[in-house]
Amino acid sequence: MSSDTAIFDGLTPPQRDAVDHFEGPLLVLAGPGSGKTRVITRRIARLVERGVHPRNILAITFTNKAAREMQERVDTLLPSSRVWVSTFHRFCASLLRRRAHLIGLESNFAIFDKSDQLQIVKQVLGDLSLDEVRISPAKIAARMSRIKNDLVDPESFKRSMDEHVGEPFDMVVSQVYPRYQEALLQSNAVDFDDLLLHMVRLLGDNPDLREEFDQRFKFVLVDEYQDTNAAQYAIVRMLAVNQPNLCVTGDPDQSIYGWRGAHIDNILNFERDFPAAKLIRLEHNFRSTKQILASADRLIGHNRLRKAKSLITDNEEGCPVRLLRAPTSHQEAEGIARIIQRTCEQGDGRPSDFAIFYRVNSMSRELELALTRHRVAFQVAAGAAFYDRSEIKDLLAYLRLIENPSDALAFARIVNKPARGLGAATINRLQKWAALQGLSLFEAARQIVNTKNVRKTKIKKSKASRSKPVDDEDELAEDENLDADLSFDPSEFAAEPTADEIAQKISAAAKFKLKIFVNLIEGFSLASAGSVSGLLKTIVDKTFYSKHYLSGQTEQDFERRANVAELISAAAQYDEVAGDERTLSGFLETTSLVSDTDTVDPQAGKVTLMTLHAAKGLEFPTVFIVGLEHGLIPHERAIKSDDPKQLEEERRLLFVGMTRAMKVLYLTTAQVRDERGTPRSTISSSFLRECDFESLELTATGLVSRVDEPHEATDRLAELKKRLAQAPNRPMLTTGAALLNGSQEAAELPQCFAVGMQVRHPRYGVGTVVDVNGFAKRRTVTVQFADERTESFSVAHCPLQPIGMR
DNA sequence: ACAGATTAGTTTTTT
DNA sequence: ACTAATCTGT
């Protein structure tokens, strides 16, 4: 049979063993570039060939992109078979939808993203009047995420806090956590972590259901097993009790998600969990040159908490790993762009052959600018950022509310967007009323429009007769609320305005506007629009959204229009793929579960920029890893933590980055790097002492010259600071001259100010410029006004009007 | 009620 | 530096 040869074609003996393994647990320890994906896909094909029904196979990956790729490969091997390939999160989402009632939700539950979570945390903090304690909502959210990933529910967390009084921060978290969960429930929503957590609970509480799933997913394959957290581990274990045909693949040396709760022990202890497990090692590397692999191998060898493993390759020797030293981060970026540009010009490569990795997202900007200057096409792996745009969030909020009217955040976001006269006051009252009636905001709005307002005279009368006592009671109640706990006491409630009174406070006009809004939303449906993209168009149309937000002529408006168009085309794509099975939930799921890597397109013919984390699983002929500096790689937080485990994870992160390179690998450093806008002298990364490379200098002229021995950082910082200090003294009046000089900073400025210039400010009046500082967007101007007061403004935004020289 | 100006807080990595 | 929240004037 031809499929027979195809399945085992070109495999090494260990790969063949893994592909041919049938029943029972299997652990594949696969080094970088060892053809792991290939093995998984072929094993799936082999299983089907053996007669296993595709329906009984489940393959789980960590990113959608990996899932999509694997799906494609499986489809090529097994046309028309329907093997389920998914991420943990998507897998859980779709199973939960069908049994949402078992966990107290409805099947149209929303998936809240990070900003939604933050919104709720803030709200809860407000309710607890904890605001003043200056607690970062983001930190609370992060802590809750960790707790949830470790499978700790609000009750047990609170109990553990009560038992041995934890840190003050955790005490706050224990207060917020249950209320946060409650708020999600009220909105008929879950967050990312809940998808896993609810699944664990579902399987744990319903033995019959667990057994059904165990039976259904007879063969489970989990990729990147070293990155599973406690929740994911629990799910996998529960699917492999009666049918322990579990195949996990991974590499402990590539475990880089410890910070979000991943347990490297899950893979290290697999053989303990499943004593019958077969172990196969894939150590043969098909990706990198000998030099690259040797350097990476030496680096990772410095990790103490590690099972030794060899990396072998038959590939060519290649050239040494190169370390590029640049004076500044600007020149570092410039040099990289120049190398790429020149290589492409000489016909020695195409932009798609190159990737640039960095530790933190904020480092992409400088690289983007440099590549733009050199007219090199690039793509940044930041797909999730698209859905953070406010216009996109607005439109998605419409979809969310249409699909799930309980979604309080979606309601709040769009009820007055575009402005329809429903301001804070009305919404506040509506919120109170909804809470009293136990209704969602939307349902409350729907009902309140039917309550009749009593005539004005009557209100006045009743107000007059009761105003004083009521007000007093109000104040009392409020005072009590300040220090009293938040337990709801019905007797306290009596002092609060009743639902009817609140309903009265909402004016007839406001009710009318609410009614229009309710009718508007109820007029929308996927059924009537036919498709998600059609529905989006209808929404934009009927709400006059574009008239209000998309009709300007500025760069921003242009971008917004493009974004909306892109959203609609994304919806159209979904419509096509999903066909008759399209649902709003389905589309919203695709938008909320995207990851940054999902958007990188290897076919795009562009240089790819991404974080080291995002790089896992990919490969490129030439790789640049920028910022090999102390505090960046390894990151400062890992250093500060003083935890060897965290430092080892940083080392693994660099290892992952290095092993993405096939032919050429550059590591780069800058002696001075801008940090929070100010230039700082850097110290080279300690990891550099742990790998082999050849050191090169990136000079100001952009030429790469050999350096005999690596030299320590010279004091370029002082030099730079001196230059910066001198700069403002140069009068910046003449834009033309600046242009001739080629001085870009000056040319980019929207306005030019010089010391001694007379300016007018709409609020402060006429004044004299006494100082100018900073460059480009950070440029500020200090003005002394007639009344002796001096104010500093950002040049880019201030409403200052030059009116001449003194 | 809203738009524009100003200020405050925040960034490691992400499903 | 970049956004979200707040302030302020219309």
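Two strands count as paired if DSSP finds at least two bridges between them. Strands are DSSP runs of E with at least two residues, helices are runs of H or I with at least four, and both are numbered from the N terminus.

Now the model. It is predicted, so local features need pLDDT of at least 70 and side-chain atom pairs pLDDT 80 or more, while totals for chains, interfaces and linings use all residues. Residues are numbered from 1 along each chain as its sequence is written, chains are lettered from A and ligands numbered from 1 in the order written, and side-chain values use heavy atoms, without hydrogens and water.

First, the sheet. Six strands form an open sheet, ordered E3-E2-E6-E7-E1-E8, with parallel pairing. Strand E3 (84–87) and strand E8 (278–282) have a single partner strand each, so one side of each is left without a neighbour in the sheet. E2 (residues 57–61) pairs with E3 over 4 bridges. There, Thr-61 sits opposite Thr-87.

Next, DNA strand B. Near means a heavy atom of the residue within 4 Å. By that rule, 26 residues surround DNA strand B, with His-89, Arg-359, Ala-419, Ser-595 and Arg-637 the closest.

Two polar contacts (N or O atoms within 3.5 Å) to finish. Lys-114 places a polar side-chain atom 3.1 Å from a base oxygen of DNA strand B. Thr-611 has a polar side-chain atom 2.9 Å from a phosphate oxygen of DNA strand B.

Definitions and conventions:
A polar contact is a pair of N or O atoms within 3.5 Å; within protein, one must be able to donate a hydrogen and the other to accept it, and residues adjacent in sequence count only if both atoms are side-chain atoms.
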